[in-house]
Amino acid sequence: MNTDIFRIPSLHQKYKSDIYLQYYDDKLIFFPVVNILKSELTITVKSIEENKLFRKSEKLFATVEVPGGEIGITYQGFLSKIIRKVMLSGLSFYIDDRRIAVSKNGSFPKPRLDLMHGFRFSQQQLLTDALIQDSSGLIGAPTRYGKTTLMINTIRAYPTATICVVAPGVDLVKQLYDDIRGPRGVKGRPVKLVDGRGIKGDKRAEGPGTITVCSIASLHKIDPSTFDLVLADEPHALVSDSRLRLIDAFPKARRLGYGATLKGRFDGKDSLIEGVFGHVLVERTYTEAVAEGAICPLHILFLRVELDGAPVRDRQSAYNKILFHNRAAANLAKQICEEVIPADFQTMIFIKDEKQAEMTKKALGEDSVLAMAKKMTSKEREECDRLMKQNIIKRCLCTKIYVQGVTFSDVRVLVNLEAGGNNTSAIQKPGRLAEIRPGKKCGIVIDLLFVPPNDEWGGFEWKSNAWIQLCKDSKARMDAYTEKGYGITVVNNVEELKEKFNELI
């Protein structure tokens with residue numbers, strides 16, 4: 001969309017406010033560029049390069065010099081963030097709303113709430129509360145609460161809109177496509193699938209009332225200017241450097257993101273989730289969903305592991321030596337699977353890399369199955385998915401391919417041999433267990449709590465040793481689980497682990 005940026009200083013004077021905001025569907029312009037907004041729109045980004053952690057500042061805005069001063073341009077979703085900062089600073093503001101995707105000027109349809117159906121528990125109220133806000137934004141709900149139901153009913157509520165449904169990964173996109181076209185999906189509307197394998201379904205489906213389901217990597221194959229509404233699954237995974245430009249390219253569409261993890265990115269770019277989509281419109285927390293009976297309670301059993309303090313040169317070496325490529329860790333997984341977890345309990349064991357996978361599979365024996373993208377053909381992946389869904393596979397070693405986008409209803413236990421800190425992956429993993437099933441009291445995660453020798457956190461001698469990163473990451477995971485409201489128990493050995501496990505089941 002075009003805007004006469006040269007008029008902005010005069011508009012600022014016309015409306016006599018401290019901060020003038022020009023609000024579009026794909027950007028937010030602000031004037032003047034004051035220090036409080038510069039600071040608010042600057043984040044610290046983390047990265048790991050050559051096994052070292054780096055931090056740098058990154059501006060989430062650009063500036064343009066025009067006669068009369070400097071104007072700022074940032075993501076449309078930061079409107080609430082900026083208003084909050086301006087108000088806390090005691091300044092006044094004026095919003096010049098120039099959005100197309102808003103019903104107040106008749107350019108965007110009001111939601112047909114009467115067309116929605118098939119809800120359970122509080123889903124209908126949650127979605128209704130989101131849609132009547134007439135705005136882009138985020139809808140938060142825990143894993144297994146029913147995000148797909150929310151997305152399908154959003155589609156139903158806008159029968160004349162041209163809609164793009166986007167998600168990371170071909171498997172999740174294919175599942176969404178099948179769900180939208182399936183028995184509980186949307187009837188009588190053309191739907192096509194666009195991903196790395198081509199176009200499937202109603203290939204010529206374009207225009208009012210049509211639905212395009214597209215992988216984030218294939219967004220370049222469609223024309224973003226033709227869509228009225230974008231629905232994004234797992235929005236936290238869509239704001240990496242390579243994906244951000246693609247998801248932010250829709251010039252006039254309302255944007256709705258549906259996620260269980262709206263924060264926790266390792267790189268520190270959580271703010272960009274809000275920037276691209278908007279503020280959180282509504283959210284149902286894990287504890288609220290458990291209280292209403294929509295999902296199953298989750299309990300984390302932390303098995304305490306005291307480190308010996310042997311020096312390690314860097315973070316990756318520490319993880320490889322102590323966990324990923326450690327035969328004792330693989331044998332511990334075997335002991336847990338044989339002595340703690342009943343043989344008929346379907347269990348997912350998350351691992352990091354190929355060497356760890358082979359070592360752990362050898363320890364577990366032939367009854368275990370490895371699900372790793374680089375080790376499987378598409379047909380083998382589909383077959384593994386089928387056997388997991390039918391509860392035939394009981395012990396599945398897997399990488400992050402099973403963190404999101406799959407539903408294995410009978411999984412009862414998760415063993416975390418991948419570790420990780422307070423990030424989206426750590427938060428998502430337990431959600432695999434949240435579906436309510438007959439005879440199931442709770443989903444159980446068995447995790448490792450690494451602690452310094454003699455549990456001495458304040459000793460100088462360990463501060464320069466890389467193995468402390470395992471301890472810090474364990475504590476960060478515990479903090480993440482605590483914040484979510486999961487039950488947590490720390491045990492000292494496998495015998496205590498077995499005793500507590502039996503109490504929970």
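**Strand S17 and its partners**

I began with the pairing of S17: S17 and strand S20 (residues 411-416) run parallel to each other, joined over five bridges. This is a predicted model, so I keep that in mind for everything below. Looking for a residue pair across these two strands, I found Thr-347 opposite Val-413 in S20.

S17 also pairs with strand S19 (residues 395-398), again in the parallel sense, over four bridges. Here I noted Ile-349, whose bridge partner in S19 is Leu-397.

Is S17 covered or open? I checked its residues, 346-350, and five of the five are buried, which leaves the strand mostly covered. Gln-346, Met-348 and Phe-350 point one way, while Thr-347 and Ile-349 point the other way, and all are buried.

Next I went to helix H5, residues 147-157. Nine of its 11 residues are buried, so the rest of the structure largely encloses this helix. I wrote down the buried set: Lys-147, Leu-150, Met-151, Ile-152, Asn-153, Thr-154, Ile-155, Arg-156 and Ala-157.

Which residues does Gln-123 touch, apart from its neighbours within four places in sequence? I get Gly-118, Tyr-145, Gly-146, Thr-149 and Leu-150. Gln-123 sits in helix H4 (residues 123-131). Its relative accessibility is 2%, and the cut-off for buried is under 20%, so Gln-123 counts as buried.

Arg-112 is 45 residues away from Ala-157 in sequence, yet their C-alpha atoms are 4.5 Å apart in space. Leaving out neighbours within four places in sequence, Arg-112 is in contact with Ala-157 and Pro-159. Arg-112 belongs to the loop between strand S7 (93-97) and H4. At 37% relative accessibility, Arg-112 counts as partly exposed.

I went through the loops for backbone angles.

- The peptide bond from Phe-31 to Pro-32 is cis, with omega near -5°. Pro-32 is in the loop between strand S2 (28-31) and helix H2 (35-40).
- Arg-144 is not a glycine, but its phi is positive, near 80°. I place Arg-144 in the loop between strand S8 (137-140) and H5.
- Glu-234 is another non-glycine with a positive phi, about 55°. It lies in the loop between strand S13 (229-233) and helix H7 (241-247). I also checked its cover: with 4% relative accessibility, Glu-234 counts as buried.

**Whole chain**

I left the overall numbers for last. How many helices and strands does the protein chain have? I count 16 helices and 22 strands. The C-alpha trace spans about 75 × 60 × 40 Å along its principal axes. A compact globule of 505 residues would have a radius of gyration near 23 Å, and the chain has 25 Å, which agrees.

Buried residues make up 55% of the 505. Of the contacts with a separation of 6 or more, 74% are between residues 24 or more positions apart. The accessible surface comes to about 22,100 Å², and carbon and sulfur atoms hold 50% of that. For the charges, I find 74 positive and 62 negative, and their mean positions are 3 Å apart.

Terms used. Residues are numbered from 1 along each chain as its sequence is written. This is a predicted model: local features need pLDDT of at least 70, side-chain atom pairs count only at pLDDT 80 or more; totals for chains, interfaces and linings use all residues. Side-chain values use heavy atoms; hydrogens and water are left out. The radius of gyration is taken over C-alpha atoms; the globule rule is 2.2 Å times the number of residues to the power 0.38. Buried means under 20% relative accessible area, exposed over 50%, partly exposed in between (1.4 Å probe, protein chains only). Contact means heavy atoms within 4.5 Å. Accessible areas come from the Shrake-Rupley method with a 1.4 Å probe; for residues, only the protein chains shown count as cover. Lys and Arg count as positive and Asp and Glu as negative; His and the chain ends are not counted. The place of a charge is taken as NZ of Lys, CZ of Arg, CG of Asp or CD of Glu. Two strands pair if DSSP finds at least two bridges between them.
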